[in-house]
Amino acid sequence: MKKVLLIVMSMVLVLGMLSGCKPSTVSNDANSKDADTIRVGLNYELTGGAATYGQGLVDGIELAIEEVNKEGILGKKIETVKADNKSEDTEAANVSSKLATRDNVVVLLGPATSGNTKAATPAAMQNKIPLISGSATEDGITIDGNGNVRDYIFKTCFNDSFQGIMMAEFAFNDLGAKNAAILADTTSDYAQGLSKNFNETFTNLGGSIVTMEAYQQKDTDFKAVLTNIKGENPDVLFVPGYYEEVGLIVRQARELGLNIPILGGDGYESPKLIEIAGKESLNDVYYSSHYSPLDDTEEVAKFKESFKAKYGNYPDAFNALGYDMIYFLKDALIRAGEADPEKLKEALAATKDFKGVTGTLSIDEKHNPLKSVTILELKEGEPTFLKKLDPK
Amino acid sequence: MEQLIQQLINGVSLGSIYALIALGYTMVYGIINLINFAHGEIYMMGAYIGFALTTFLGLGFAPSLILSMIGCSILGMVIEKVAYKPIRNSSRISALITAISVSLFLQYTMMYFVSPQTRTFPEVLKRKSISLLNGKIIIDQKNIYIVAITVLLMLLLQYVVKKTKLGKAMRAVAQDKEAAELMGVDVNKIISFTFAIGSALAGAAGVLVGIYYNTINPLMGATPGLKAFVAAVFGGIGIIPGAVLGGFSLGMIETVVSAYGGSVFKDAVAFAILILILLIKPNGLLGKTVKEKV
C-alpha cells in the first residue's frame, strides 16, 4: 500500500515539474527586448472582498492603456496579462510568481491592498521584475524587515503616515491652529501611523498637542473623551480612523457643542460617514484624499470625460490611481529607452515631477512618492474640493 | 466642575443602557439559575425591529419602542420554549452551552439576513438640547429620554414583582420551584412570563441605543451583553434593584475612568475596580450571603 502511494506521489511530482518547466522555457525564448509588445502583468483583486478596489484600478489602467496604445511607447504597444488573485494573500503570491516567471512580463502592477501587495513582493524581488502598487498605503511596503529598500518595489500612492504630516501642516498653516487634540483608534496601525506623524509635525511647526485620547474599533460611546477634549479647548481635533467610528465621533462631538474643525485621513471617504454622522454635524470637517473629482485642473477634467465616455460613470479615487500608474510607467519606459526590467527599475526610481491626475509625484530614496495631497472639506455632508497641498 | 457634571450626565445615560439589559439577566438567573447569554442578542434584535419599524413603516418613537418590546418578548418566550425548557433539568453546564449556542445562532442568522454592514437609525427624535452655564454643560433630549424610560421601566418592574399576584408567583418559583408547583403555581407559565419581561426590557434598550448612538449591526449585542452581565453580578445577581445599581455604577466607572486620562485602558480599569469590589463583597453590592444547606 505504502509503495503504491510512493510511486503515485513521485509521478505526480515529476509531472508537476514537467508541466511547470515547459511554458517557462518557451517564453524565455521570446526575448522581451525583441518582442513587438511590452508585456505588463496585472495582479488584481477581481473577485473576493477587495474586488471593488481591484476592479476600480483595472478600469483606470485599461482606459490609460487604450490611450497610450494610440501612439505606442518606444514604438511598441502595451499588452496586458490579467490575473485574478481572489483578494487572497496566497493567491496574490501565486499570481505574482506566475506572471514573473511564465508570462515574461516587464513589470507587475498591483495588487490593490497592502496585505496582498506584501504577499506579491517576494516573487517580484526574486525574479527581478519591478512591481508597482497604486493603492497599498501601508508604510512598510517598499522597505524590508531590516530597513533596506526593496529595489524592485514601487508605490504611486502616499504612505499612511504621510497623510498625518500633511494634515498637521494644513491645520497649522491653513486653519491657523495652535492647539490640537488627537483622538486616535488604538486598534489600527493606520490610525496610529497618522496620529504619530501628525503629532510630530504639528509640534515641530510650533503648535502644541493639548491632549491625546484613544478609542477602539466598535466603540459606540465617545462622550466621555469628547467632554474631556472640550475641556482642554483645542483649536482643532484630529481623528484618524475609519468612517464608522468617525461618524459617531463627529456626531457626538457636535451634540456636546464641540464645534471646532475635525480633521482626518482617507478613512473618511465613504457615503456611510454622512449617514452615520448626519448632514448637520458634517460641517468644518476636513480630510486628505488621493483624488477628488471636484478638482478643476485640466488633466483631471480630461480624465473625467474620457472615463465617462468609456464606462458611463465618473471615476473614483481607485480609477484615478489605476489611470496614473500607466502614465507613470510610460514616463519611466521612455526614460529607460527599452522595455528591460533592470533599466525600467532604474528609471522608475529616478522619477521626478511626474504629473498625474492624482497629483504631481517624485519617487524618493525609499521608493515612496512625494506627492500632493488633496484636501476635501465637508459642508453639510457634501465633500467639496478645498485645495491640493504639495509636500515641501 | 462643569466637566464633572457633564461626565456624570454621560455616565448616567450609558449606565441606563447597561441597567436595562442587566435587569433581564438578573430576572432569568433569579428564577431558573441560568445565565442567558443570548440576552445580548435579544437586545440586538430589538434594535433591528425598531430600525425596521422606523425606517420602513415610518413609525414614531413611542409606537416603535412598544412594538419592539412586544416583538422581543415573543422572541424571548420562543427561545425559552425551544431551547431552554427541554434541558431545564439537565446540568447547568449544558444549559450554559445552549445559551451560548443560541447567542451565536441569533448573531449569525441576523448577519445572513441583514448583512454585516452597519445600519443607521433615522432621526426619530429631533436633535434638541438644553445648554447650561454658557454651553459648558449640554443635556441632549435623548439623554433625558434614555434615563427617564429606564427609571420608568424599572419602577414598573418593581411594582409587578412586589405588588401583583404574578410577581408573587415569580418570587415563589424563584425560591423553590417544587414547592411553588405544589401550591398550584403554573411554573412553566411563570418562567415564560419572566423571559417575556426580561426580553421586552432588552428590546427597549435596543431601540434606545439605536436612537442614541444611531448605528446598529448584527454583532452589537456581544459587548453590551457581557458588560450588562457583569453589571448584574456586580449589583448582586438575582436582585432587581442590584441590576440597576450595577448598571449605573458600571456606566459611571467607565465614564469617569476615561474622563480622568484613561481612555486607552478604560475597560481594563473599569473591570479591575469590579474585581476589587467583588473580592470585598463576593455576592455583589446588594447580595446577601446565603448559607448553603447541607
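I count two residues as in contact if their C-beta atoms, placed from the backbone, lie within 7 Å. The model I am reading is predicted.

**Entry 1: the interface**

I looked up contacts between the two chains and found 22 residues of chain A in contact with 22 residues of chain B. On the side of chain A that touches chain B, strand S7 (208-215), helix H7 (223-232), helix H8 (243-255) and helix H9 (271-277) each give two or more residues. H7(A) gives the most, with 6 residues. I noted the scores for the complex as well: the predictor gives an ipTM of 0.81 and a pTM of 0.77.

**Entry 2: confidence by chain**

I read a mean pLDDT of 86 for chain A, with 91% of its residues at 70 or more. Chain B averages 87, and 97% of its residues score at least 70. I marked residues 20-32 of chain A, where pLDDT stays under 50. For that stretch the model has 12 contacts beyond four places in sequence.

**Entry 3: chain A, domains and annotation**

I took the domain assignment of chain A, which gives domain 1 as 27-158 + 298-371 and domain 2 as 161-289. The C-alpha centres of these two domains of chain A lie 32 Å apart. The UniProt record, an unreviewed entry, lists "domain: Leucine-binding protein" for residues 37-381 of chain A. I checked that span in the model: it is 43% helix and 20% strand, and its end C-alpha atoms lie 47 Å apart.

**Entry 4: chain A, the seven-stranded sheet**

I traced an open sheet of 7 strands in chain A, in the order S7-S6-S8-S9-S10-S14-S15, with mixed pairing. S7 and strand S15 (382-389) of chain A are at the edges with a single partner strand each, so one side of each has no neighbour in the sheet. Neighbouring strands are turned by 25° against each other on average, direction ignored. Inside the sheet, strand S6 (residues 179-185) and strand S8 (residues 236-238) of chain A pair in the parallel sense over 3 bridges. Here I found A:Ala180 opposite A:Val236 in S8(A).

Next I looked at the helices against this sheet. H8(A) packs on the sheet and touches S6, S7, strand S9 (262-264) and strand S10 (285-289) of chain A. The direction of H8(A) makes about 170° with that of S9(A). Helix H6 (residues 189-204) of chain A lies across S6, S7 and S8 of chain A, and runs at about 165° to S6(A).

**Entry 5: chain A, the three-stranded sheet**

I found an open sheet of 3 strands in chain A, with antiparallel pairing and the order S11-S12-S13. Strand S11 (354-356) and strand S13 (369-371) of chain A are the edges; each has a single partner strand, so one side of each lacks a neighbour in the sheet. The twist from one strand to the next averages 30°. S11(A) and strand S12 (residues 359-363) of chain A share 3 bridges in the antiparallel sense, and A:Phe354 stands opposite A:Leu361 in S12(A).

**Entry 6: chain B**

The UniProt record (unreviewed entry) annotates "transmembrane region" over several spans of chain B, including residues 93-114 and 144-161. I checked these two spans. Residues 93-114 of chain B are 100% helix, with end C-alpha atoms 32 Å apart. Residues 144-161 of chain B are also 100% helix, with end C-alpha atoms 26 Å apart.

Is B:Leu276 buried or exposed? B:Leu276 counts as exposed because I find 10 C-beta neighbours inside 10 Å, and the cut-off for exposed is 12 or fewer. B:Leu276 lies in helix H11 (residues 266-280) of chain B.

How values were computed:
Residues are numbered from 1 along each chain as its sequence is written. Chains are lettered from A and ligands numbered from 1 in the order in which they are written. This is a predicted model: local features need pLDDT of at least 70, side-chain atom pairs count only at pLDDT 80 or more; totals for chains, interfaces and linings use all residues. UniProt positions are given in the numbering used here, feature names are shortened, and annotations may be inferred rather than shown by experiment. Helices (H or I, at least four residues) and strands (E, at least two) are DSSP runs, numbered from the N terminus. A residue is buried if 20 or more other C-beta atoms lie within 10 Å of its own, exposed if 12 or fewer, and partly exposed in between; C-beta atoms are placed from the backbone. Domain bounds come from an automatic or database domain assignment. Two strands pair if DSSP finds at least two bridges between them. Axes are lines fitted to C-alpha atoms, for helices over the stretch in contact, and angles run from 0 to 180 degrees between N-to-C directions. pLDDT is the predictor's confidence in each residue, from 0 to 100.
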